[in-house]
Amino acid sequence: MSDNMNKGFDQVAAFQRLWTDSFANMASVWSQFTPGSPPSDEIRKMRGGMLKVLAETWDEYMRTPQFMEMMKGSLNGAIDLKRMARDGMNRVHEQFENPSKEDIDGVLMAIRHVERRLLDRLEGLDDRVANLDEKIDKVDQRIAKQEHAIEPRGQTSKNKAEKPAATTAAKHSPSI
Amino acid sequence: MSTTTSPNIDKKTSDEADWEAWQTSFLNEAFTNLRRFTSIPFLAEKMERVRKGVTPREIIYEEDRLKVYHYIGEGEPRFKTPLCFVFALVNRPYIMDLKEGRSIVANYVKAGFDTYLIDWGTPTRAERFLTTDDYVNGYLLNVVQHLRERNGSDQVNLLGYCMGGTLSTMFTAIHQDLVKNLVLLATGIDFSTREGLINLWTDPRFFDVDKFVDTMGNIPAEFLQAAFLMLKPIANLVEKPINLMENIHRDEFVDDYLHMETWLNDNIPVPGEVYREFAKYLFQQNLLTKNRMPLGRHIVDLRKITCPLLNLMARNDDLVPCSQTEPLNDLVSSTDKEKIIWPAGHIGLAVSGRAQKDLWPRAVDWLVQRTD
C-alpha cells in the first residue's frame, strides 16, 4: 500500500475517533440528568456540558498530525488550483496582449526595488550627514574649549594691557 | 398510624411541587420564547445603529492608506507626552474605542492624555510587497516624529495591541530614545510555545509560507477569518448563535453582541510580505526572542528596550496565550516593568465590563505615574 493511502486511512481513522469520542463523552453528560429541576434549566445544563465535551474533543483533534496533514493537503490543493487558474488566465492575457496580474506584480516589484535602492541610498546619506554633524559638533566643542582656554589668558593680557594704560593715565593726570 | 401516612403525604406534596415547578417553567419559557421571536425583526435595525468608534476624533496625519486619529477630550490634555495606540494589521482598530463604557481610548482621554490611534487602512494589491520594516521604520517612525513635532515633546508613549504590540516592541527596540513608556496588550513575543493552535498550524512541516504568499499575494481577510473561527469552532459556530437566540430579547446583550460581531467580521487582508515575515521569522524561527529578527537594515535586539514596560495578558487567550507574552519581561533591560495576567480572553482583555471596571483604571494609573 502506498504512503498516501496509509495517510488517508490514518486521517479517516482520526476523524472517526473524533466522533466516537464525542458521542461517548456526550452520553456521560446525559447521564447526569436530574428530573427534579425545571426542564429548561436541565436542558441548558446538558447543552453546556455537551458543547464543552465537543469543544475539548475538537481541540484535541485539531492538534493531531492527521488533522494537520489533512489541512496541508487541502491548502496545497487550493493553492495549486489557484496557480493553474492564474497560469491559464496569464496565457489568455498574453494572447490578447493585455497586462495580467503577473505583469502588474512585476511592475510593482520593479518599483519596489527602485524605491528600496533609493531608500538605502537616502539612509546611507542620512548616516553620513549624522556622522558629519557629530564631527562638526566635536570641532565646535573643541573650538569652544580653546576659546574658553584663550579667554582667561586674553583677559589677563587685557588686564595687563589695561594696567599700563591706567598708570599712564595716572602719570598724565598730574600734568593735566 | 401517623408514622405510616406522613411520608406518603410528603411524597405527594413534593411531587405536586415538582409538577408545579415544571408547569411554571414551561409557562415562563413559552413567554420568553414569544419575546425572543418578536425581537427578531428588530435585529437588522439594531445592526444599523452600530457605530465604529464613539469618542470624538479628527484626522491629523495621513500617509498612503494610513490615518492617524486624534481623540478630542474635554479641555486641555494634562500631559505633554502624547499616547499613541498601535493596532494589528489584521482587523480594524475601532475595537480600542468600541462603544460607550467599552472604550480603552476613552479611559486615557478622560485621564488627560493626548491620545492618538493609528489606522493602517486596508491594503490593496499594490501594498503586497510592503514589509514589516516599512511599517515599523517607515510609517510608525513617521507618525512618532509627527506627534513629537505636534506636541513639542521628545518622546511618545506607545500602547500596542496583539500584532500592534509586536510592532511597537520592535519599534521600541530600534528607537528606544523616542519611546517614553511601552504598554502591551496580548502581544506575541515568544513563538516557541505550542499551546496556541496557530503556532501548531504554522509548523514548517505542514505549512509552506513561501508557496502560500507567492500564490496569494496579500493574505485574504476570509482566510484569516476562517483561521480565527477554527481556533474555537464549537464556541464560535454553535454556542455563539445559541446564546444570541437565548438573549435576543435583552437589548444590552444584543447591543454588545452586534458591536463585537461587527468588529470580528470586519477583517482586512494582510500585506503578503508582512505575513511571510511574521510566519517565517516569528512563528517558525522565533527570531525575536533570540534577538536576531531582521528588520530592513536593523536587527531587533529586545535588550535595547530600557523604558518602563507594562505587559497585559489574558489568561484564557486562545490566540496569543500568556506563555507567548510573558517572557518579554525577562528579555528587556527595563528595570521598571510590570505584568498583569487578567482572567479574560483575547478581546475580553480590552472590552469586557470587568476589565473596563478594574483593569483599565490600573493601567491608566500606571501610565499617569510615569508621564509628564
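**Chains and core**

Modeller: From the N terminus on, chain A runs α-α-α-α. The model is a predicted one.

Biologist: How many helices and strands is that in chain A?

Modeller: Chain A has four helices and zero strands.

Biologist: What share of chain A is buried?

Modeller: Of its 176 residues, 16% count as buried. The accessible surface of chain A is about 13400 Å², and carbon and sulfur atoms make up 61% of that.

Biologist: Switching topic. How many residues are in the largest nonpolar core?

Modeller: That core has 121 residues. Among those with the most contacts inside it are Trp120(B), Tyr161(B) and Trp360(B). Helix H4 of chain B, residues 132–151, gives the most to this core, with eight residues. Apart from it lies another core, of seven residues, including Leu43(B) and Ile248(B).

Biologist: What does Trp120(B) touch?

Modeller: Leaving out residues up to four places away in sequence, the residues Trp120(B) touches include Arg65(B), Phe87(B), Tyr135(B), Tyr139(B) and Leu140(B).

Biologist: Back to H4(B). Why call it largely enclosed?

Modeller: Because 14 of the 20 residues of H4(B) are buried, the rest of the structure largely encloses it.

Biologist: What span should H4(B) have, and what does the model give?

Modeller: At 1.5 Å a residue, the 20 residues of H4(B) should span 28 Å, and the end C-alpha atoms are 27 Å apart, which agrees.

Biologist: Where does H4(B) bend?

Modeller: At Leu141(B), by about 30°.

Biologist: And what follows H4(B)?

Modeller: Gly152(B) follows H4(B), with a positive phi near 65°.

Definitions and conventions
Residues numbered from 1 in each chain as written. Chains lettered and ligands numbered in written order. Predicted model: local features only at pLDDT ≥ 70, side-chain atom pairs only at ≥ 80, totals over all residues. Heavy atoms only, no water. Core = buried A, V, L, I, M, F, W, Y, C linked by side-chain atoms within 4.5 Å. Buried < 20%, exposed > 50% of the residue type's maximum accessible area, 1.4 Å probe, protein only. Helix = DSSP H or I, 4+ residues; strand = E, 2+ residues; numbered from the N terminus. Contact = heavy atoms within 4.5 Å. Expected span 1.5 Å × (residues − 1). Bend = angle between axes of the 7 residues up to and from the residue. Areas by Shrake-Rupley, 256 points an atom, 1.4 Å probe, with all protein chains shown as cover.
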